[in-house]
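Here is my note on this model, point by point. Please keep the structure open while you read.

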Amino acid sequence: MPATTEPLWRGLVDDAAIFPPGDAPLDAALAAYREREEPLVGAFVLRDTDLPQVDPGPPLAVVLTGGAGQVAGPAALATRHGHTLARLEVALRDLDDLPGNARRVVAAVDAARATGDLDDDVAVHVELPALPGEPTYGWLAAADEVASAELLLKLRTGGLDADAHPDSPTLAAWIDAALDREIAFKCTAGLHRAVRHTGADGIERHGFLNLLLATRRAFDGASRDDVVATLEERDGAALAAAVTEDLAGARRWFRSFGSCSVSEPLTDLDALGVLA
């Protein structure tokens with residue numbers, strides 16, 4: 001299988017091998033990451049509690065297991081141990097006050113940057129809850145706080161259960177909300193495959209190529225219905241043909257997605273003939 005050379009695909013997939021459903025042992029996942037020479041792969045994703053077990057080297061995306069109060073400690077630990085910290089990822093959990101929760105995260109990030117524990121060039125992705133339907137006022141107000149602080153979003157596009165997978169209208173609304181606020185985002189879960197499909201478990205799963213195209217078309221002013229239709233396209237050949245669109249512009253906004261499999265995304269892109 002050829003390696004990716006096209007800049008469009010570089011760093012698109014964050015290696016989340018230790019997370020479900022892969023659940024690879026940390027040591028084995030790190031060894032595989034270090035041996036892999038594939039530009040498609042970006043950062044290695046791990047929990048903040050895993051940091052003490054990791055030697056410096058790979059660029060790390062650190063998922064915080066706590067809230068705003070957990071920002072400074074892992075950032076300082078990564079700095080002291082000489083890790084290459086690519087990003088921090090923190091989820092908002094206070095459903096009753098999402099904007100306030102976002103403000104607390106922003107304050108914690110600002111404090112960590114002020115003390116030098118967190119470099120200015122480390123991206124911070126704030127995960128908003130995957131609530132079904134149109135974004136609520138609180139969800140949008142939290143996104144406003146993220147935008148004002150020039151942080152980034154994290155959108156959950158799947159999981160182990162059917163209800164963890166947002167439907168296409170919901171995902172299209174999230175994309176619109178991010179673009180309206182000029183916030184870049186990463187996605188997590190459920191995007192192993194390039195094209196939308198029904199999994200062996202019967203769950204409808206989004207395709208990362210669908211999402212790239214949907215992001216580009218939304219940015220170009222496509223209607224919500226057209227964005228939803230792009231997310232639901234199942235014809236891989238049609239999606240591959242559309243790669244001639246300016247998807248590099250889409251990567252400005254849709255930065256990466258976490259996947260416990262790196263081989264599946266690469267295999268799909270190779271099969272679609274879009275790597276060259």
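**Notes on the predicted model**

1. Start with the largest pocket. Its lining holds 35 residues, and those nearest its centre are Phe-19, Pro-20, Arg-156, Thr-188 and Ala-189. Bear in mind that this is a predicted model. The volume of the largest pocket is about 650 Å³.

2. Which strands supply the lining of the largest pocket? At least two residues each come from strand 2 (41–47), strand 4 (84–91), strand 6, strand 7 (185–188) and strand 10 (254–259). Strand 4 gives the largest share, three residues.

3. Arg-156 counts as partly exposed because its relative accessibility is 29%. Glu-127 has a relative accessible area of 10%, so Glu-127 is buried.

4. Glu-127 has another partner. Lys-154 forms a salt bridge with Glu-127, and here the closest N and O atoms are 3.7 Å apart. Lys-154 belongs to strand 6 (residues 152–156) and Glu-127 to strand 5 (residues 123–127), so this pair ties together parts 27 residues apart in sequence. Both Lys-154 and Glu-127 are buried.

5. Now for a salt bridge between helices. Asp-176 and Arg-224 meet through their side chains, at 2.7 Å from N to O. Asp-176 counts as buried, at 18% relative accessibility. Arg-224 is partly exposed, at a relative accessible area of 30%. Elsewhere, salt bridges that share partners join Asp-14, Arg-87, Glu-89, Glu-127, Lys-154, Arg-156 and Lys-186 into one network. The count of salt bridges comes to 18.

6. Helix 7 has a buried side. Its buried residues are Val-227, Val-228, Thr-230 and Leu-231. Around the axis they cover an arc of only 160°, which means they lie on the same side of helix 7. What do the buried residues of helix 7 pack against? They pack against helix 5 and helix 6 (208–219).

7. Ser-168 is in helix 5. Is Ser-168 buried or exposed? Ser-168 is buried, with a relative accessible area of 1%. Beyond its neighbours within four places in sequence, Ser-168 is in contact with Arg-196, His-206, Val-228, Leu-231 and Glu-232. Val-228 and Leu-231 are among the buried residues of helix 7. The side chains of Ser-168 and Glu-232 are joined by a polar contact of 3.2 Å. By contrast, 31 Å separates the C-alpha atoms of Ser-168 and Val-122, which are 46 residues apart along the chain.

8. Thr-157 lies in the loop between strand 6 and helix 5. Thr-157 is buried, with a relative accessible area of 0%. A polar atom of the Thr-157 side chain lies 2.6 Å from the backbone oxygen of Ala-189. Leaving out residues up to four places away in sequence, Thr-157 touches Ala-164, His-165, Pro-166, Leu-171, Cys-187, Thr-188, Ala-189, Gly-190, Leu-191 and His-206.

9. Last, helix 10 (residues 263–272), where Asp-268 has its place. Asp-268 counts as buried, at 12% relative accessibility. Which residues does Asp-268 touch, not counting residues up to four places away in sequence? They are Arg-193 and Ala-194. With Arg-193, Asp-268 makes a side-chain polar contact of 2.7 Å.

Definitions and conventions:
Residues numbered from 1 in each chain as written. Predicted model: local features only at pLDDT ≥ 70, side-chain atom pairs only at ≥ 80, totals over all residues. Heavy atoms only, no water. Salt bridge = Lys/Arg side-chain N within 4 Å of Asp/Glu carboxyl O. Helix = DSSP H or I, 4+ residues; strand = E, 2+ residues; numbered from the N terminus. Buried < 20%, exposed > 50% of the residue type's maximum accessible area, 1.4 Å probe, protein only. Polar contact = N/O pair within 3.5 Å; in protein donor to acceptor, adjacent residues only side chain to side chain. Contact = heavy atoms within 4.5 Å. Arc of directions from axis to C-beta. 1 Å grid on protein atoms, 1.4 Å probe; cavity = no way out; pocket = protein on both sides within 12 Å on 5 of 7 lines; lining within 4 Å. Points joined across faces, edges and corners; volume = space filled by probe spheres on them.
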